[in-house]
Each structure stands twice: as structure tokens, then as C-alpha cells.
Amino acid sequence: MATLSTGVLTAASQWGGMQSLAAAPSSTRRPALRIRRSHGSAAGYAVGRSKRSVAVRCAATLNNKPVGGDQMLVYVPPHPLIKHWVSVLRNEMTPSPLFRSAMAELGRLLIYEASRDWLVTVSGEIQTPCGIAECEFIDPREPVKVVPILRAGLVLVEQIGSVLPATQTYHLGYVRDEETLQPKMYLNKLPEKFPEGSRVLITDPMLATGGTIVAALEELRNRGADPKLMRVICAVAAPPALTKLSEKFPGLRVYAGIIDPELNDKGYIIPGLGDAGDRSYNT
């Protein structure tokens, strides 16, 4: 990995693109108490359509300028712990309890990355034992709306309480028809309408054909959620799903443990990690 003088952290990948960008520190003194929305620097893969696969290229900004505009960005954080847990998940010899634990740990790390420059905060001053200090907290009046897609999406958010201090959790349940590969909804616990400006975090371990995640995001958008304020967390993503998402949800951000190149004739990601739900719950 190379560190550039601009503060951009780059890492080589199978796609040959940049994977992360350090946020620049701010020296601006904040007023006693206010709500602000983070707009720090970030970078990721800009996903576009090509004839045979997803064309992935680097997109980045500096000095707090917007990233990607209306393009969808896919982030693959180059952290060694993320690579470690993905490797544990891939191993066919990993027993179910360890697989589930690894999926939860990967989810925790990706949620941490996804929440960077995204959460609403309040700032002010507090009294420490030794003096006055400026402070900044996550605004409890703006909880992140967490939407795990059942069943395997639940595992990715098992440790979310150790990362996000303010959340509300809703559930969507889909089952995939193994013949048509199309999703069928069997559970919907979303609110009738999301408040304007809601941050919505969606978890689904495998983005393969894209049918389930597209159906879920369309349901969220129909209920007032803005794709530009959504974050999708997955363990593994494949080009078909990323292509569909980029076409339908401009401005979306996807955080993946890894991107694999293809699907087999049954719609499974290759090399992937198998059926995430079955391996998580030993079924």
C-alpha cells in the first residue's frame, strides 16, 4: 500500500482501483451546540455498465468536495482484518459457529467503515475532571435505520451495538425461487414512511444476481428512503448485482468484503463462500 502526499491511501486490487481515502482533519472551531451533517472526503469504486461485466474505476475527491456525484460507489476496505474474516468465511472447513462469528465480525468492521462521514452529530463543550473540552456525539435524535434482509442479513448486524450508539431496526424477509432466481417477500416490518433525511443501512451477505437487494431497495425508496443516504453492507458482491444497483440507484454506496468475478448457472457467486444463511445457522 502506498500513501500519497495528498492524504489518499491507495491499495492494489484485482480491479486495479483505489480502495480508501483518509478524511482530512478540520481545524474549524465549532459553536457550542449544533447539528451538522458530515461531508468529509471518501473514495471508492465507481460502477458503470459494460457489455460483459461491471466496469470499475477509481473515484476520489479531496478537500471536502462531493464524491462520485450520482454514480454508485463500491467500497472494498483494504484492512487486513477484513481480508482475514473473508478468508475464514470462504474456507469450506470452517464450522458453523465460527462461520457465524466471522460473519458478525466482518459486519462490524464494514459498518464502521460505512458510517464514516455519514452520521449526524451534535457538538459542544463538556467538563472533564481537568477542564473544558470540545466534544462531538452521534445525535440520538437521528438514529440509523437498520434493515437486515432475512435471514443471513441478521448475522451481519449482530455486533452493530458496539459500533453505532443510536439505531432503529426493521426487518425484510425474502426467499429466492431456485428455478427463476427471483425473490419473493415473506416479511415486511418497514415503517409506512421514513422521515426525510433518514440514514438507512441495509445488510445482505451475498449480492449475486441482485434480485433481492434491488427489490429491498425499491421497497425502501417507495417508503421515502433516499438511495443517496443508504449504505449497503455485504460480505461478497458480484458484477451482475452491482450493475443492476448502479442502474437503478444513483448515489448509492455499497461496502463489500470482496468482489468476486462471476456466478454459476445456479446464481451462486464463484468462488464465493457458499450459502451464507445455511452456513450461519447450520441448516
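In which loop is Arg 151 found? Arg 151 is found in the loop between strand E9 (144-150) and helix H3 (153-156). The model is predicted: local features need pLDDT of at least 70, side-chain atom pairs count only at pLDDT 80 or more, and totals for chains, interfaces and linings use all residues. Residues are numbered from 1 along each chain as its sequence is written, and side-chain values use heavy atoms, with hydrogens and water left out.

**The whole chain**

- The protein chain has 6 helices and 18 strands. Helices (H or I, at least four residues) and strands (E, at least two) are DSSP runs, numbered from the N terminus.
- Of the 283 residues in the protein chain, 50% are buried. Buried means under 20% relative accessible area, exposed means over 50%, and partly exposed lies in between (1.4 Å probe, protein chains only).
- Among contacts in the protein chain with a separation of 6 or more, 63% join residues 24 or more positions apart. Contact means heavy atoms within 4.5 Å.

**Helices H1 and H2**

- Two packed helices are described by the angle between their axes and the distance between the axes.
- Helix H1 covers residues 80-90 and helix H2 covers residues 96-114. Their axes come within 9 Å and cross at roughly 150 degrees. That makes H1 roughly antiparallel to H2.
- Axes are lines fitted to C-alpha atoms, for helices over the stretch in contact, and angles run from 0 to 180 degrees between N-to-C directions. Angles under 35 degrees count as roughly parallel, over 145 as roughly antiparallel, 65 to 115 as roughly perpendicular and the rest as oblique.
- The crossing of H1 and H2 is left-handed. In a left-handed crossing, the near helix is turned anticlockwise from the far one by less than a right angle; clockwise is right-handed.
- H1 brings Leu 81, Ile 82, Trp 85, Val 86, Val 88 and Leu 89 to the contact. H2 brings Leu 98, Phe 99, Ala 102, Met 103, Glu 105, Leu 106, Leu 109 and Leu 110.
- These contact residues divide into 13 nonpolar, no polar and 1 charged. Ala, Val, Leu, Ile, Met, Phe, Trp, Tyr, Cys and Pro count as nonpolar, Asp, Glu, Lys and Arg as charged, and the others, Gly among them, as polar.

- The buried residues of H1 are Ile 82, Trp 85, Val 86, Val 88 and Leu 89. Seen down the axis of H1, they fall within an arc of 160 degrees, so they line one face of the helix. The arc is that of the directions from the helix axis to the C-beta atoms.
- The cover over these buried residues includes H2, strand E16 (253-259) and helix H6 (276-281).
- Exposed Pro 80 and Lys 83 sit on the face of H1 turned away from its buried side.

**Backbone details**

- Leu 150 and Arg 151 are joined by a cis peptide bond, with omega about 5 degrees.
- The peptide bond from Ile 270 to Pro 271 is also cis. Its omega is near 0 degrees. Pro 271 lies in the loop between strand E18 (269-270) and H6.
- Asp 117 is not a glycine, yet its phi is positive, near 55 degrees. Asp 117 lies in the loop between H2 and strand E7 (120-128). It is partly exposed, at 23% relative accessibility.
- Asn 282 is not a glycine either, and has a positive phi of about 55 degrees. Asn 282 is in the segment after H6. It is exposed, with a relative accessible area of 62%.

- Ser 246 belongs to helix H5 (residues 239-248). Ser 246 counts as buried, at 15% relative accessibility.
- Ser 246 and Gln 71 are 175 residues apart along the chain. Their C-alpha atoms are separated by 7.1 Å.
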